[in-house]
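Reader: I have a structure open and a few things to go through. Can we take them one at a time?
Author: Go ahead.

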Amino acid sequence: MTLNIEAIRKDFPILQTSMRGKPLVYLDTAASAQKPRAVIDAMSDFYRNHYANIHRGVYRLSAEATRRYEATRGRVARFIGAPDEREVIFVRNATEAINLVARSWGEEEIGPGDEIVVTTMEHHANIVPWQMLAEKRGAILRVAAISDEGELDEDDLVRLLGPKTRLLAFTEVSNALGTINPVARLAAIARERGITTLVDGAQAVPHHPVDVAALGCDFYAFSGHKLFGPSGAGVLWGRLPLLDAMPPFLGGGDMIESVSFEGTTFAPVPQKFEAGTPDIASVIGLGAAIDYLDSIGMDRIAEYEHALLLHATDRLREIPGLRIVGTARHKAAVLSFVLDGVHPHDIGTLLDTEGIAIRAGHHCAQPLMKRMGVAATARASLSFYNTREEIDHLAAALRKTREIFC
Ligand code: PMP
């Protein structure tokens, strides 16, 4: 199973451009993915030819916009293996999806003395909402340890799951280390103990097939912009009985059944959680991104990226003074590293002069950086549109960086 990378790269207009007079080498897909023409065209076509607000107009244009928006819900459901498309809630991004659960489910279900368990490798988006909830409700946040390699310490996690634990919230793939967590196993352990699970899938959906039913979790959150779709559309998936029982997160238009000054009744899910005019065009764009990915195949993408990760790991390991941070056995195509004597920001700035875009910083995972004993790392995150030649170019530029600084 090989991918026609040359053809794939032509699908992404930005990959044909130059940066600082050099061909762009985009290695920051974990921050946000580049967009294929299919997505750009679908959004432009929607704005040019089909735009209207949804769920309200009796006229044809609005009915058509509604049909396209709702059809995307079905596409997303199929893409992530959701048993029922009503379980797909459109939000802005993974952050909003997690906050929705923290506010709506959490404020009902979490009480004084209850415990929420997260892991050390979480993105701030899967820490801060739970801290805020714990503070508000008098609950306790517990944190499962990880190893020096950046693997979850499953024994420690199981030890933390006690009679007071109400929620286990963890990432499927670490944005800073690339570690892939055993979601199905962890969800089963939680389920046996009656603990609800939320999985942060922001870095998982772009890399490999995801089937939420097979994973056995209760909530799954991700952002469309990391899945080659536009910014502004993300997804919360939740089990229907849970969503049905949850109160709305935001109140307003489009989420009601009837309103009077005596009281309001709410629409069923998913509308109950989609108050106000959503980012309609971005949802349409997300649908186009999913169609595009389906046309390549997430299995093939995962296989290609794995080979690319192995190649990149070998190339970077050859560089004197470079240390890869995060060497879990199961990894997605994310490489965090530090270079002796060079600050990650300086690495990023120097690579930029070569047209190479990488991320440098704490990656919105400050507790994780502390655990790994670094203030920041440089991070190259790969995708199926990257090539071995780009990795070799990165390695050469890193050697040059080292020579300049050391
Ligand atoms: N979780 C993880 C693991 C992430 O990598 C990110 C984005 N870096 C988020 C959550 C938050 O995503 P967004 O900013 O799109 O809400």
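Reader: Which residues sit on each face of E10, and are they buried or exposed?
Author: This is a predicted model. In E10, Gly 234, Leu 236 and Gly 238 are on one side, Val 235 and Trp 237 are on the other, and all are buried.

Reader: Why does the list go every other residue?
Author: In a regular strand, side chains alternate between the two faces of the sheet.

Reader: Which strands does E10 pair with, and in what sense?
Author: E4, residues 88–91, pairs with E10 in the antiparallel sense over 4 bridges. E9, residues 219–223, also pairs with E10 in the antiparallel sense, over 5 bridges.

Reader: Which residues stand opposite Val 235 and Trp 237?
Author: Phe 90 is opposite Val 235, and Tyr 220 is opposite Trp 237.

Reader: Switching to the ligand. How many residues surround the ligand, and which are closest?
Author: There are 13 residues around the ligand, the closest being Thr 95, Asp 200, Gln 203, Ser 223 and Lys 226.

Reader: What are the distances for the polar side chains there?
Author: A polar side-chain atom of Thr 95 is 2.5 Å from a ligand oxygen atom. For Gln 203, a side-chain N or O atom is 2.7 Å from an oxygen atom of the ligand. With His 123, the ligand atom is a nitrogen, 3.2 Å from an N or O atom of the side chain.

Reader: And how much of the ligand does the protein bury?
Author: The protein buries 87% of the 390 Å² that the ligand exposes when taken alone.

Reader: Next, salt bridges. What is the count?
Author: The count comes to 25 salt bridges. One of them joins Glu 390 and Arg 9, with the closest N and O atoms 3.2 Å apart.

Reader: Where are Glu 390 and Arg 9 in the chain?
Author: Glu 390 is in helix H14 (residues 388–405) and Arg 9 is in helix H1 (residues 5–10), so the pair ties together parts 381 residues apart in sequence. Both Glu 390 and Arg 9 are buried.

Reader: What about Lys 22 and Glu 354?
Author: Those two form a salt bridge as well, with the closest N and O atoms 4.0 Å apart. Lys 22 is in strand E2 (residues 22–23), while Glu 354 is in the loop between helix H12 (344–353) and strand E15 (356–357), 332 residues apart.

Reader: Buried or exposed, for each of them?
Author: Lys 22 is partly exposed at a relative accessible area of 30%. Glu 354 has 12%, so Glu 354 is buried.

Reader: And Arg 371 with Asp 148?
Author: Their side chains meet in a salt bridge at 2.8 Å, N to O. Arg 371 lies in helix H13 (residues 366–371) and Asp 148 in the loop between strand E6 (140–144) and helix H6 (154–160), so this pair ties together parts 223 residues apart in sequence. Arg 371 counts as partly exposed at 31% relative accessibility, and Asp 148 counts as exposed at 57%.

Reader: Last one. Which residues make the nonpolar surface patch?
Author: Ile 256, Val 259 and Phe 266 make a patch of about 250 Å². Val 259 is in strand E11, residues 256–260, and counts as exposed because its relative accessibility is 55%, where exposed means over 50%.

Terms used: Residues are numbered from 1 along each chain as its sequence is written. This is a predicted model: local features need pLDDT of at least 70, side-chain atom pairs count only at pLDDT 80 or more; totals for chains, interfaces and linings use all residues. Side-chain values use heavy atoms; hydrogens and water are left out. Buried means under 20% relative accessible area, exposed over 50%, partly exposed in between (1.4 Å probe, protein chains only). Helices (H or I, at least four residues) and strands (E, at least two) are DSSP runs, numbered from the N terminus. Two strands pair if DSSP finds at least two bridges between them. Patches are made of residues with over 30% relative accessible area and no salt bridge: like charges are joined within 9 Å, nonpolar side chains (Val, Leu, Ile, Met, Phe, Trp, Tyr) within 5 Å. Accessible areas come from the Shrake-Rupley method with a 1.4 Å probe; for residues, only the protein chains shown count as cover. A residue is near a molecule or strand if one of its heavy atoms lies within 4 Å of it. A polar contact is a pair of N or O atoms within 3.5 Å; within protein, one must be able to donate a hydrogen and the other to accept it, and residues adjacent in sequence count only if both atoms are side-chain atoms.
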